[in-house]
Every structure is written in structure tokens, then in C-alpha cells.
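Dear colleague,

I am handing over the structure we spoke about, and it is placed just below.

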Amino acid sequence: MDLLLPKFNYILYVVLMMTGLWGMIAKPNLIKKIIGMAIFQTSLILFFISTSVKRGATIPILEHHSEPESHAHVVSVGDQLGDAVHSVATVAQHAVDPAHYMNPLPHVLMLTAIVVGVGTLGVALALAQLVYKQYGTLEEEDIISQIEADASQEDES
Amino acid sequence: MTTVYEPLLLVIVLIPVLALIPIVITRRNPNLRESWSLLAAAATIVLVLSLVPRVLESKLLVMPLFECAPGIELAFRVDGLGMLFAIVATVLWFVTTIYSVGYMRSLKEHGQTRYFCFFALAITSTLGVAFSGNLLTLYLFYELLSLSTYPLVTHHQDEEARVAGRKYLIYIVGTSIGLVLPAMMIIYRQTGSLDFTGLGILAGQAPTGMLGVVFLMMVFGFAKSGLMPVHRWLPGAMVAPTPVSALLHAVAVVKVGVFCVIRVVTEVFGVELTAALSFGDVRPVTIVRCVAAFTIVVSSVIALQQDGLKKRLAYSTIGQLSYIILGATLLTPLALTGSVMHIGMHAFGKITLFFCAGAIYVAVGKKNISEMVGIGRRMPLTMICFFVGSLSVIGLPPTGGILSKMYLVRGTLDAGTYAFLLVYLFSSLLNCAYFFPIVYKAFFCTDEERQWDGPVQEPPRWCIVPPVITAVLTVLLFVFPDIFLGLADVYARSVQ
Amino acid sequence: MNHEWVMQSGWISQLPALVVIIPFFMAFIVALVGWSHEDRAIFLTEIGLLLSFLASIGCLFVVVEHGPVSYRMAGWAPPMGIEYRVDFLNALVLVVITSCSLISVFFSKAIVQRDFRTRKEHFYTLYLLLVTGLLGITITHDAFNLYVLVEISALTSYALIAMGRGRAAFSAFQYVMIGTIGACFYLIGVGYLYVKTGTLNMSDLQLLIADLHDSRAIKSAFVFIMLGTWIKMGLFPLHGWLPNAYSDAKDSASCLIAPLMTKVSVYIMLRLMLTVFTPSYVFSNAIAGELVLALAVVAIVVGSLKALKQTSLKRMLTYIIVAEVGYMVGGAWTATASGLTGVMYHIISDAAMTLCMFMAVAVISFKRGRDTFDVLPGLYKRMPLTMAAFTVGAFSLIGIPPTCGFFSKWYLLSGAIDAHAWHYMAALIFSSLVNAVLFFRIIEKAFIEPVHAAGAEATVIEMDEAPLRMTLPLVFVAISLIAIGVCTNYIVRAVIQYAIPEGVG
């Protein structure tokens with residue numbers, strides 16, 4: 001438990017991801033597949049965001065322009081995993097202690113990912129609607145059997 | 001051996017393919033269209049012959065084209081073997097074009113423009129093979145030849161042609177991609193070169209079992225050589241119009257096959273390595289010899305049973321091709337000289353026979369031997385040509401065939417392989433057995449048997465002149481064999 | 001070749017951005033203008049792609065002359081900003097994408113005209129966005145940016161495929177599902193990389209990963225990224241979606257999607273293998289390498305065999321694509337210089353071959369109404385130019401010299417022999433033979449089989465060729481197959497050999 005508890009957010013992300021994946025692959029209903037997809041994508045967002053969280057850190061907006069200079073040129077990330085830390089870039093002239101702030105980059109990335117996710121969701125829903133109009137059902141098996149019936153009709157004619 | 005840069009090689013190879021343009025443009029005017037083919041053939045003959053003296057002086061003519069990928073080049077190179085083959089191909093192209101005109105028009109075949117186009121393309125490929133300076137160039141033109149002859153084999157576009165065409169592709173393209181290509185790649189990765197040399201590309205390599213396998217892949221991969229069991233395409237391909245059978249399946253295609261085998265033995269593996277290869281107790285070269293000997297005997301026996309004249313000729317060709325392969329794998333200079341000469345000698349004899357078969361078909365519409373009893377009275381000239389041709393293939397004077405066969409026989413003595421001597425001699429006997437009855441029955445038969453009677457009615461002029469020309473050439477080759485003998489000799493000396 | 005040339009000023013320095021930006025903005029212009037003047041959409045699309053093509057050619061020349069070019073988006077230096085970088089690995093891929101899309105849009109005008117009576121600008125907008133996405137994927141040097149662009153190209157291709165006929169909507173839906181899984185796997189991998197290294201710039205990643213070879217997080221990142229790209233490219237057994245999606249799309253769309261999508265995915269795989277993870281890391285695990293190679297072998301064999309069973313041309317080609325993906329994955333995992341050269345060369349040659357074949361099939365179904373085998377008889381008489389191009393494409397897929405297909409096979413086979421991967425070599429040869437059977441069966445039908453009018457004798461066939469606007473690009477592509485083959489030496493010497501990282505055997 002000691003091993004798992006501090007990393008519960010990652011476990012949650014894996015559980016969500018698996019749930020989503022299972023929904024996408026195993027569920028016969030197209031809408032349920034789409035829901036699975038949404039869960040899958042959201043789990044990723046959760047993962048990215050939780051990597052940037054630090055205990056006691058605040059949102060990455062500069063409030064003070066002069067802080068004591070320590071680790072001035074280091075943005076540390078992923079210290080929850082306790083892995084290697086690497087100097088990525090200098091944080092400009094303002095001597096800011098990055099340890100006090102959350103890493104903004106994952107948030108920015110996830111903003112983009114959310115947009116992408118919404119786009120995918122929209123396309124998927126539109127396609128589901130198109131499929132429904134065409135076949136009158138959203139159940140995968142029914143659709144496939146209809147497609148096969150069409151194909152055999154074509155072969156006869 | 002000195003090397004001379006010779007741009008003419010490229011010109012020679014390109015002439016037939018360039019002739020395509022005027023052929024297609026003048027497709028509405030058959031006379032003009034065919035004259036382009038004749039002109040191109042004449043031009044190649046002149047150019048090829050102009051190179052002969054230098055090759056006879058043991059000079060190596062080269063024409064590197066360009067590097068198509070790092071380390072692999074397209075290059076032309078002519079030695080005795082390539083020159084001899086080029087002479088045969090161009091001279092017979094000219095004669096066959098004349099014959100094609102007569103044959104195709106008499107039978108009112110369709111798609112004649114297509115026919116002449118692919119014919120020219122096939123000749124370009126054949127010359128490309130003859131002049132190829134490395135294995136890649138050889139492979140390129142070999143494949144090109146397979147593909148350009150496919151529309152010729154399936155010219156009639158009917159069910160029979162479809163079956164034959166399918167067989168043709170399965171055997172020829174299948175083996176070249178399935179066996180030759182990987183073998184070539186392995187050789188390239190092992191040595192880093194594909195350029196033919198007198199010593200052999202692989203000379204100096206250890207005779208490993210893998211190289212033995214590669215050797216067999218190469219020899220059987222060039223399935224145009226008609227070695228059993230990859231010979232089955234050849235009888236099938238006889239559905240093609242007779243000029244195609246004549247040039248491509250007695251001369252260009254099949255000879256390209258044996259040409260490649262000779263190159264593989266002498267210039268890819270080299271005589272020394274070929275002799276050294278072994279899988280423990282069995283030597284790959286022995287396997288090839290035995291298969292060739294088997295092919296010689298069995299194909300002759302099969303030929304005996306064929307009633308279709310072209311089919312019988314086809315099986316006879318299979319046997320004769322294995323003469324060449326057996327000669328090449330005996331690995332003695334005399335046998336090699338013999339097999340190189342046999343490429344030329346057999347070509348002239350066999351094409352005469354095919355021309356005659358086609359001439360009979362054009363004149364009286366018969367394809368089977370059983371329907372030709374007494375035909376000598378109707379078509380004496382044709383049957384005399386046929387007789388001369390068969391003499392050459394059997395190897396009797398006064399035709400060129402005897403010379404190459406003599407060298408082959410002496411080669412077996414040199415190599416001390418008396419079993420193969422017997423094979424050559426026994427097969428000659430079989431050759432007599434399947435050719436002489438045709439000629440005999442054509443002229444001498446009882447009145448009850450006689451199916452044909454006078455008056456003399458030879459086929460159209462365009463169909464009878466070519467066999468006469470080739471028959472005369474066959475005899476002349478007996479009297480003046482110097483060119484072929486010289487070229488074969490130059491080659492045999494260059495690879496030892 | 002680590003020498004790098006960052007151009008400081010001049011319009012030439014903007015080329016890498018222009019390649020991507022031009023089709024991107026042109027997409028909006030087309031959408032706006034097309035709204036009122038529908039017929040100008042194609043013209044504007046062509047202009048946009050032509051300019052992008054010229055820019056990509058420019059990039060190629062600069063790279064050949066001066067080495068890799070780096071471009072900083074909005075002037076932000078990497079690793080903070082997004083870097084675009086054109087080097088020896090992607091310069092040619094850029095040209096392939098722009099030229100294929102240009103030819104294909106020029107070619108498909110009549111098909112689009114028929115397929116979309118109205119709202120053609122929608123098609124062209126999506127088309128341009130798809131090209132933008134593909135170009136962006138190729139040029140970007142930022143791992144996350146790559147994800148976004150993958151999704152852009154995926155979203156547009158979903159839409160383009162869904163516009164197709166019959167069950168296209170359902171096929172597209174399946175593609176959405178599987179495509180999203182692929183992209184998300186990739187994103188997970190990138191997330192792990194980011195967590196471990198704190199950077200997204202590929203060169204930076206390369207430097208940092210060098211010290212982290214033992215990390216399990218890096219290993220899982222690698223596995224996720226590879227799985228993602230394999231799903232995207234349809235490597236067996238992740239290929240189920242591909243044949244349906246590609247063959248149900250309209251011909252106008254599949255002429256773009258089929259040649260480029262899988263090839264760009266292969267490029268992503270190569271880029272990450274070579275630049276981010278580096279060969280020494282990727283090929284360090286021999287067992288994994290064996291497994292992937294075995295997977296590639298199975299992909300080749302299964303793809304070829306499945307292709308044999310098909311009775312429609314386009315569907316047959318899609319299974320050939322599955323096999324070709326196996327070629328490329330296998331070639332990359334032979335872990336040899338020749339194998340990698342083969343993959344890079346095959347990206348070019350396979351794009352050209354696939355384009356040629358899909359265009360030829362599009363012409364056939366445009367003129368004959370379908371692409372099933374029963375339209376074949378008499379086709380050599382009816383459409384000689386189309387069939388000539390088709391034949392050249394077929395020869396290239398079989399691997400007959402001097403077409404480019406032969407030379408890619410040459411390098412891939414060399415790689416197989418160098419790596420002693422005999423099963424991979426056998427699979428390549430097997431696939432060549434199957435392709436020969438496939439195409440000669442078609443050629444035989446088209447050349448020999450008589451045409452029967454209903455109940456009547458064989459009829460006289462009139463020539464009935466497609467308009468020049470279709471046949472000319474087709475013939476051009478067919479000739480370029482031979483040209484690429486003949487120029488192999490130049491392509492490999494000037495470009496590809498520098499793209500092979502040092503230390504690959």
C-alpha cells in the first residue's frame with residue numbers, strides 16, 4: 001500500500017485508461033464506444049496534469065519579481081516520480097524558484113489535447129449519426145450483418 | 001586481355017528499341033512498318049560484325065552506362081561469348097523478320113504492329129543480355145526479355161495461349177525472382193561486386209555449402225535454359241506463331257538461358273570454385289551434370305513420341321540446350337568451346353527446322369507429323385531445308401552442328417567422364433530417330449501411305465526464302481566455322 | 001553529419017515554415033472563397049500545393065547543399081519553442097508528400113466533379129488540411145507537436161473517408177476508434193518521455209535519453225510509441241481497419257490517403273527510432289528485434305495472401321499496402337544500414353508505386369463504373385495508356401528492374417542478408433512472387449480474355465481512353481517510377497546515406 005498510495009493518481013489514470021480501452025474495443029454499441037474513447041482521452045489528460053502537480057506549489061503566474069536565488073535556472077518536473085531531473089531551460093532574467101510553481105507546460109499541452117479530443121469526439125459522433133441514418137441501428141453486429149447482406153446482394157446482381 | 005571503351009555497344013542495344021517509334025508511327029502502312037524492322041536488323045548486323053575483329057584479338061569491349069545505385073552499375077561488356085551470341089541473335093532477327101512478314105500476312109494474323117513491336121523489344125533485351133557486363137545488367141535484360149516475350153507467346157489471345165502464357169510466366173518469372181534474385185543478392189553481399197571477370201566474381205571465396213546452394217539456385221533459376229524440371233514452359237510456349245517459336249524459343253529466349261548458365265559457371269563462380277564446391281559427398285556441379293544428362297536423354301525420348309512437329313522440335317531443343325549446359329559444367333576448355341559454339345550452330349539448324357514447320361503450316365495448314373507423309377513431293381525445297389537443319393541438329397556433316405558436337409565429345413574425353421560421352425552419342429542416335437523418319441516419309445513412301453501429291457506448291461516466297469538462307473548458312477558454317485570457332489576459343493581461353 | 005545550418009535571414013530561411021503554412025492557410029482561403037465561387041476551389045488548391053511543392057523542393061536543395069536546416073517557430077529557441085527541422089531523413093519525404101498531393105489533386109478533378117456535385121470546397125479544404133497535417137508531421141522536431149499534427153491528419157482523413165460510398169461511414173468510424181487508440185498510445189509514450197526528461201524537442205530527448213537507457217519508464221515510452229505508430233500504419237495484427245477504410249473512401253481521397261498515410265507513419269517510426277531513441281537503444285534488445293521482425297514477416301505473408309483472395313482492384317491494393325508496411329517495419333528492424341536505406345528509399349518508391357496504382361484503378365473505375373475484375377477484359381485495347389501505366393506500376397510492385405520497386409527490394413534484401421534474417425528475405429521474395437501472380441492474373445485477364453456483350457459473340461473493342469487530364473498525370477507517375485529507379489544512385493548518395501545514423505552496421 002505504501003507503494004501504491006502516494007501514486008494513486010497514476011493508478012486512477014491506468015484504471016480509467018483501461019476502462020476506456022475496454023469500452024472502445026468490447027462494447028457493441030457505437031455510442032458506448034465513443035464514451036469509451038472519451039474516457040480514454042480524459043485519462044491521458046489526467047495523467048499529464050498530475051505530472052505537473054507539486055505539493056505546496058502555486059499556479060504558474062509570476063507574482064514577485066525578486067525572490068531569493070536558488071536553483072535559478074532549473075525547472076523541475078516529475079519529482080513525484082522521483083526520477084531524474086534535468087535542466088530544461090532558463091527561466092528568463094527574473095530569478096524565480098520554479099519549485100514554488102506548478103509546471104505550466106503539461107497544462108498547455110493538455111489544452112491542445114482537449115481541443116483535439118473534442119474534435120475527435122465530434123467527428124466520431126457525426127459518423128455515428130451517419131451510420132445510424134444509413135443502417136437504422138447503432139449495434140455493431142447488426143450493421144456488419146447488413147453490410148454482409150448488401151455485399152452478397154451485389155454479388156448476385 | 002586489353003579493355004577497349006566502345007560506345008557502339010549501347011547503340012547496338014538501342015537500335016531495335018528505337019525502331020519501335022517508326023514502327024508504331026507507320027502502323028497503317030504494313031510494308032513501310034516492316035521495312036523499319038528489316039532496316040534496324042540490318043543495321044545491328046553491320047555494327048555487330050564491325051566489332052568482331054577486335055573481339056577476335058582478345059580485346060574486351062566495354063561500355064559502362066551509369067551507376068544506378070551506389071556500387072551497382074549498369075554496364076555493357078563484350079567478350080567472345082557475348083559476341084557470338086549477338087551475331088546469332090541479330091542475323092537471325094533479320095531472317096526471322098522476313099519470315100514473319102510472310103507468315104503473319106499469309107495467315108492474316110491480328111495485332112501485327114504489336115507483334116513487331118514486342119519482337120523488337122525482345123531483341124533489345126537479348127542483345128542486352130549478350131552485352132551485359134555484370135550480373136545486375138544481365139538480370140535486368142533477362143527479366144525484360146521474359147516480359148516482352150509474354151505478349152508474343154500469348155499472341156493468339158485464346159484459351160490455349162492463356163494456359164501457355166501462365167506456364168511461361170510461372171516457370172520463368174517465378175524462378176528468376178524466387179531463385180536468381182536472392183542468389184544474386186547473396187553473392188553481392190558476400191563479395192561487394194557483380195562485375196563479370198574471367199576468374200569469376202566469387203573466385204577466392206571458400207567453397208561453403210551455402211555457395212553450393214547459391215550455385216544451384218543460379219543454374220536452375222535461369223529457367224529459360226530448359227533444364228528439367230523447369231523445362232515445362234517450353235513445349236507450352238509453342239502455341240505462339242511460328243516465327244516467335246523460331247526466333248525466341250529456338251534462339252533468343254532459350255539461348256539466353258544457357259548463356260546465363262555459362263556465365264554463372266565461368267564468370268560468376270569461376271571454373272576453380274565451381275569444381276571445388278561440394279556438399280560433403282555430392283558436388284553441386286555433378287548434380288547439374290547429371291540433371292543435364294538426364295534432360296538430354298529423357299527429352300529426346302519424349303520428342304520421339306510427339307506427333308506435333310513443333311512439339312517435337314521443342315523437346316529436341318530442350319535436349320540440345322542441356323548439351324550446352326553439360327558442356328559448360330564439364331569445366332574443360334574444349335567442352336566449353338564446344339558449348340559456346342553449340343549456341344550458334346544449334347541456333348541456325350533449329351531455326352531452319354522451325355521455319356520449315358511454319359512453312360508447311362502456311363502452305364497446307366498441317367501441324368502433325370503423321371499428316372506429312374509424302375509431303376516432299378508437294379514441297380521439295382522446304383523438306384530439303386528441313387533435312388539440312390536436322391543434319392545440323394543431329395551433328396552430321398556437312399553442317400556446322402558436327403563441329404560443336406565434336407568439341408563437346410572431346411571435352412568429355414578430356415574430363416575423363418565417359419558416361420557423358422555415352423550420353424552425347426546415345427542422344428545423337430535418338431536425334432536421328434526422331435528426325436530422319438520425318439524426312440524419309442516425306443520423300444520415300446509407298447503409294448498407299450502417300451497423303452500429298454504434286455504439283456510442286458511451295459509456300460509464299462517470304463516464307464521459303466528464310467529457311468533456304470538459314471540452311472545455306474548452316475552448311476557454310478561447316479565450311480567456314482572460323483568466326484564462331486575463333487570467338488568460342490577466345491572465350492574459353494579468357495576464363496581459364 | 002552533425003553539421004547544422006541555421007539560416008539567419010532572407011526568404012530562403014522561411015522555407016521550412018512555408019512548406020506547411022501555405023497549404024494550411026490555403027485551406028481556409030479555399031473554404032471561404034469556395035463558399036461563393038465553388039469552381040475556384042480546385043484552382044486555389046492547386047496553387048497552394050504547387051507553392052508548397054516548390055518550397056519543399058527548395059528545402060531539399062538547401063539540405064543537400066548545406067546540411068540540416070532548423071527553423072524556430074515564432075523565433076522561440078528550442079527546447080522551449082517548437083522547432084521545425086529539415087534534415088536528410090525528412091527532406092525527401094516532404095517532397096514526396098507535396099508532389100503526390102499535387103499530382104493527385106490535378107488528376108482527380110473529374111472524379112471530384114462526379115463525386116461531389118456541390119460543396120466541392122469542403123473536399124478541397126479537408127484535402128489541404130490533410131496535406132498540412134502530413135507535412136507538419138514530417139517536418140516538426142517536437143514530439144508533442146507531432147501528436148497534434150497526427151491528429152489533424154487523422155481527423156481530416158476520417159472525414160475524407162466517411163465521404164465515400166457504401167459502408168464508408170462505418171469503416172471511417174472503425175478507423176476513428178483504432179486511430180484514436182494509436183494516437184493516444186503515442187501520447188502516453190510522449191508523456192513518459194516528458195516526465196523523465198522534461199523536454200519535448202527531439203534532439204534534446206536524444207541527448208537526455210542517452211543517460212537513461214536502463215529506465216523502465218523510457219522502455220515503456222518506447223513500447224507505447226511504437227505500438228501507436230504501428231496501429232497508425234496498420235502493421236499486422238493491427239491492420240484490420242486499413243483495407244476497409246482505404247477501399248471505401250472515394251477514389252479522389254484514396255489517391256491521397258493510400259500512398260501517404262502509411263508512409264508518413266513509417267516515417268514517424270523511423271524518426272523516433274533513429275533520432276529520439278537512437279539505434280543503440282532500439283536495437284539493444286535482440287529478442288524484441290527478433291519479435292518485431294517476425295511480426296513484419298507475418299504481415300508480409302498475410303497481406304500478400306489476403307490480397308490474392310480479393311476480387312476488386314482497390315481492395316487488393318489495400319492488402320498489398322499491408323504487406324508493404326511489413327516490408328518497411330522489417331527493413332528497419334534488420335538493424336543494418338542497408339535495411340534502413342531500404343526503408344527510407346521504400347518510403348519514396350512505395351508512395352510513388354501506390355499512387356500510380358490507385359490512380360490507374362481510379363481511372364478504370366471512372367471509365368468503367370466499377371473496379372471489380374469483371375471490367376478487365378479488353379482493357380488493353382480500350383485504355384492502352386492507363387493499362388500501360390498500370391503495368392509499369394505492377395512491375396514495380398513485383399520488383400522488376402529498372403523500376404524503383406526493384407531497388408527498394410534490393411536494399412531490403414541486402415539488409416536481410418546482412419542481418420542473416422533469412423525468414424525476412426524469404427518473405428520479401430514470397431511477396432514478390434505473390435505480387436507477380438496477382439498482377440499477371442490481372443494482365444492476363446485484361447490482355448487475353450475476350451469481351452462478351454450480353455449473349456453475343458466477342459465484340460469489337462473501341463478505344464475509350466480517359467481524358468488527358470487524368471491520363472497525363474498517371475503516365476507521368478508511371479514514368480517517374482522508372483526515373484526514381486534509375487536515379488537511385490543519386491537519391492542514396494546525396495540524401496539517404498547521411499540519414500543513416502552512425503553506429504548502424
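**Contacts between the chains**

In this model, 24 residues of chain C are in contact with 24 residues of chain B, where two residues are in contact if their C-beta atoms, placed from the backbone, lie within 7 Å. The side of chain C that touches chain B draws two or more residues from each of helix H18 (404-418), helix H19 (422-447) and helix H21 (488-499) of chain C, helices (H or I, at least four residues) and strands (E, at least two) being DSSP runs numbered from the N terminus. H19(C) gives the most to that side, with eight residues. By class, the side of chain C that touches chain B has 16 nonpolar, five polar and three charged residues; here Ala, Val, Leu, Ile, Met, Phe, Trp, Tyr, Cys and Pro count as nonpolar, Asp, Glu, Lys and Arg as charged, and the others, Gly among them, as polar.

Please bear in mind that this is a predicted model, in which local features need pLDDT of at least 70 and side-chain atom pairs count only at pLDDT 80 or more, while totals for chains, interfaces and linings use all residues. Residues are numbered from 1 along each chain as its sequence is written, and chains are lettered from A and ligands numbered from 1 in the order in which they are written.

Turning to the other partner of chain C, 30 residues of chain C are in contact with 35 residues of chain A. Helix H6 (143-162) and helix H7 (168-197) of chain C each supply at least two residues of the side that touches chain A, and H7(C) gives the most, with 15 residues. That side of chain C divides into 22 nonpolar, five polar and three charged residues. Of the two pairs of chains in contact, chains A and C share the most contacts, whereas no contact joins chain A and chain B, whose closest C-alpha atoms lie 25 Å apart.

**The fold of chain C**

Chain C has 21 helices and two strands. Its radius of gyration, taken over C-alpha atoms, is 22 Å, close to the 23 Å that the globule rule (2.2 Å times the number of residues to the power 0.38) gives for 505 residues, so chain C is as compact as a globular protein of that length. Of the 505 residues of chain C, 66% count as buried, a residue being buried if 20 or more other C-beta atoms lie within 10 Å of its own, exposed if 12 or fewer, and partly exposed in between, with C-beta atoms placed from the backbone.

Strand E1 (residues 69-72) and E2(C) pair in the antiparallel sense over four bridges, pairing requiring that DSSP finds at least two bridges between two strands. Val69(C) stands opposite Val86(C) in E2(C).

**Backbone details**

A cis peptide bond joins Pro397(B) and Pro398(B), with omega about 5 degrees, and Pro398(B) is in the loop between helix H15 (380-394) and helix H16 (401-415) of chain B. The peptide bond from Phe236(C) to Pro237(C) is also cis, with omega near 0 degrees.

Thr278(C), although not a glycine, has a positive phi near 65 degrees; Thr278(C) lies in the loop between helix H11 (251-276) and helix H12 (279-282) of chain C and is buried, with 21 other C-beta atoms within 10 Å.

With regards
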